[in-house]
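Hi,

Here is the structure I promised to send over.

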Amino acid sequence: MDQSVFLPQGDFGQIFERLREAGYRVVGPAEQEGALTYDVLESADDIPVGLVDRQAPGHYRLEQQNHRRRFDWVGTAQGLKPWLFVAEQPLWVAREVEGGLRFEEVRETPVPTAVIGVRACDLAALALQDRHFLDGDYPDPHYRARRESLLLVAVNCHRSADTCFCVSTGDGPEVTFGADLVLDELDQGYLVKAGSERGAELLARLPGRPVRGWHKRRAKALRKQARTQQRALPSRDLRGPLYAARDDMRHWQPVAERCLTCGNCAAVCPTCFCHRVDEESPLDGSLSRAVRRWDTCFNDEHSYLVGHVVRKSAEHKYRQWLTHKLAIWHDQYDRSGCTGCGRCITWCPVGIDIVEEAERLCREVGES
Amino acid sequence: MAQASIAVHKLTSCSGCQSVFLNLGDDLLVLNELVEISHFIEAGLNNFDAEVDIAFVEGSITTPDDEARILKVRERSRFVVAIGACACSGGVQALRNVKDSVGWAGAVYADTEYLDSLAESRPVAQLVKVDLELWGCPISGRQLIATVRALLQGVPPVLPTEKVCQECKRAGNVCVLVTKAAPCLGPVTRAGCGALCPSFGAPCYTCFGASEQPNCDSLGERLVGLGIPQRQVAERFVSISSGLEPYQKAWARWRIPAKQLDS
Amino acid sequence: MNDPWTPYSARVVERVVETPDVVTLSLRFTDPEVQQQYRFACGQFNMLYLFGLGEVPISIMDYQDGCLQHTIRAVGRVSRKLVALEPGAMIGLRGPYGNSWPLEAARGRDLVFITAGLGCAPVIAAIRRAIAERDAYRRLIIMQGVKHSEDLLWQAQYDRWREVPDCEVLLAASEEAKVPFAWSLGMVTTLIDKARFDPLNSTVMMCGPEPMMRASIRALENNGVAMDNCYFSLERNMQCALGLCGHCQMGSPFICKNGPIFRVSDVRDWFLLEGY
């Protein structure tokens, strides 16, 4: 399936058109309150050009640059999570009827959605969410419906943000799986590669030109450039040091002093899957609705157990989050729950850095 | 047939929380069918002495009259629900508690002879037993509906104590603290508003009071570190819910002492 | 079939008041077809739903006369309302979820049940099955601890079990000045030292408050029982019961899908640690 074409810069809109013809609504990068997020786009012109993101712990700024590239940015505020595992999902509705309760499942038919601009770390995260929501004894019908209507146009990163560490988790910066189309963006145009049969069909309908050797060489050099990352997790499997640090709360105090237990890290994490189920009724009580909402292990309610909160302190909560993400995931899903996107670093209001914390814990455990 | 009787009382307040009842739209009509509204002056029902199942009390205890009224309300109500920042924490008028209120009054009014207020603005729970607190400035209509619904079923409502950040992220907002260095107090504020201000790009200023586990020290340090003047950071914490201990501590930590200001 | 999130309509057939705050409800699905397809194993739990209030996980006490029996204590927002339900009341029900007590694997061994408070409910069915197949096991030891002797549920049942051949029933009350005849004073753990069972050839099944189970683990270890042969039923804030919502994780296991019953040695480290 190694089919590639070169699509000149001016023909980029053709991808858009083909997707619309195939019945997809197109989602891509859009500016919102000073950051890039994924939003529904009306045309290819909606994609901002020349924007790059500057990220640091607790810091995100967009910078307008003097070029016409559309995908020179690295990270959106959220990955694919809000499009699949949506923040608020009605589950079912109950009504009191003659002879019992009547339960009606909530069934939506999701609009077929194509997302343009997806990065390797987010595809890796998607695979992990697939694993969680689809591979168990009770596949989630709501996630599945959205997942099945999704088409992905990925982009290889040609730069890294200061918060990126996907090289160390093995998830990027190059797209190796999970996308229908993969783009490498050059100043002159796009190297477009099919990653699936659907992608190949799409590609066949693009006014692509033959790929030249210099296209490939240039793209390769840019991909290599993105591999230069400042941050790296100490190892892909941190079960050893993190389980060793688990029992001694002194390891968790320094971070607990800073941690706001606000759960922003979990909310932007593309693999965090926790949710709670709320019950809601209109005032007249004519029906009752079960709604699931994103939840986080930083909330007291998350570990509430008849009369007490199991994980009460910030030490307990941060330990739960970090240990789960970097260690327990290996036991549950055979790999770390972190794909190196760095969102938890950028979007932590006080700039707590997961890599720094992991390094500190490894160091402290190694010293003791 | 009405399932319960209710009263909506007002102490020292702006009447904004009472207005939430009136702004319920169609649900106001539903409410009127579900319960007997015995007393609600803003809606034209004046029967202060009525005994009721549920009394919603707006406002703080700021005058001797408030003190007398709340004792009567408690006596005549099975269930007292404090509504809004004033009733739950003393409200914006609790700022008087941290400053020289007599001096202020003198500076504002030509003649203070007819003012009759207490030294402090206090939440309702400091005087009488409060069965439930509905936070907000003003309270949320959604939470009000959920509360009435739950009380009619004989259970306490489920009200969040999590941070505004949670609602903010669910709403799909971008964090204004991170992208604009805005002094957002969402990380130490109770959810309930649906992250209203951040949804319009503005930082949160604690309408729903302190969340569970508010780490004001860390957040305050961060805001100061972002270059926001210390005094602004201090004042940010004591606007709407200044009566709350975690916010007062933060204010005390970052306010510039008066001496320093004079020099 | 409903999707995995959606409950089925069920009806309260009988309500038995066990103590002032504990009630046993017998439930039957409204739809006979759903009822017919329902199977459960000892130790599993159901999600019970009250209209307008929400769902709670409740262990299945037993299945008798075509009814699911749940013994419920009024402790929370939903359970307080559940215990007040009268026959005819409509509720929602989905399940069963989780794994079951290892009765098969324990054949030929001593069976030791250690429970406290309402922790006895999830093992009642297992004890009944064991007694129904009395010959399959060696000694049966049933230990139950309560605060006050009058808190003991199903006194008559415990008395009947004393009559079962080679079955030892030991009861303890922890907050009573003077305990009745044949009772011990103290926590259920004090019974472990008194009970006669072969520590090398026993299977232990425990359920109760976590401090009680921690103390029991220590007492069993002191008596030379390997944790490989001990099982307990755990509880966390289960909201979906499907292994999806994440609330019931205790370290690596999801209590709802990997449990609620665990071999102690598999989760010992997580269990003994505060804040997991």
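A word on domains before anything else: their bounds come from an automatic or database domain assignment. This is a predicted model, where local features need pLDDT of at least 70 and side-chain atom pairs count only at pLDDT 80 or more, while totals for chains, interfaces and linings use all residues. Residues are numbered from 1 along each chain as its sequence is written, and chains are lettered from A and ligands numbered from 1 in the order in which they are written.

Chain B is assigned domain 1 (4-153) and domain 2 (164-262). Taken over C-alpha atoms, the centres of these two domains of chain B are 25 Å apart. Where they meet, 15 residues of domain 1 of chain B are in contact with 14 of domain 2 of chain B (contact: C-beta atoms, placed from the backbone, within 7 Å). On the domain 1 side, helix α4 (residues 84-89) of chain B gives the most, with three residues. Helices (H or I, at least four residues) and strands (E, at least two) are DSSP runs, numbered from the N terminus. That domain 1 side has nine nonpolar, six polar and no charged residues. For these classes, Ala, Val, Leu, Ile, Met, Phe, Trp, Tyr, Cys and Pro count as nonpolar, Asp, Glu, Lys and Arg as charged, and the others, Gly among them, as polar.

Next, the sheet. Chain B has an open sheet of five strands in the order β2-β1-β3-β4-β5, with parallel pairing (strands pair if DSSP finds at least two bridges between them). β2 (35-40) and β5 (132-134) of chain B are at the edges with a single partner strand each, so each has one side without a neighbour in the sheet. From one strand to the next, the twist averages 25° (angles run from 0 to 180 degrees between N-to-C directions, and axes are lines fitted to C-alpha atoms, for helices over the stretch in contact). Five bridges join β1 (residues 4-10) and β3 (residues 52-58) of chain B in the parallel sense, and A7(B) has A55(B) as its bridge partner in β3(B).

There is also a helix pair: α10 (residues 216-225) and α11 (residues 230-237) of chain B pack at about 145°, with axes 9 Å apart. Residues making this contact include G220(B) and L223(B) from α10(B), and V233(B) and F237(B) from α11(B).

Finally, the contact between chains C and A takes 33 residues from chain C and 39 from chain A.

Cheers

Technical notes. Contact = placed C-beta atoms within 7 Å.
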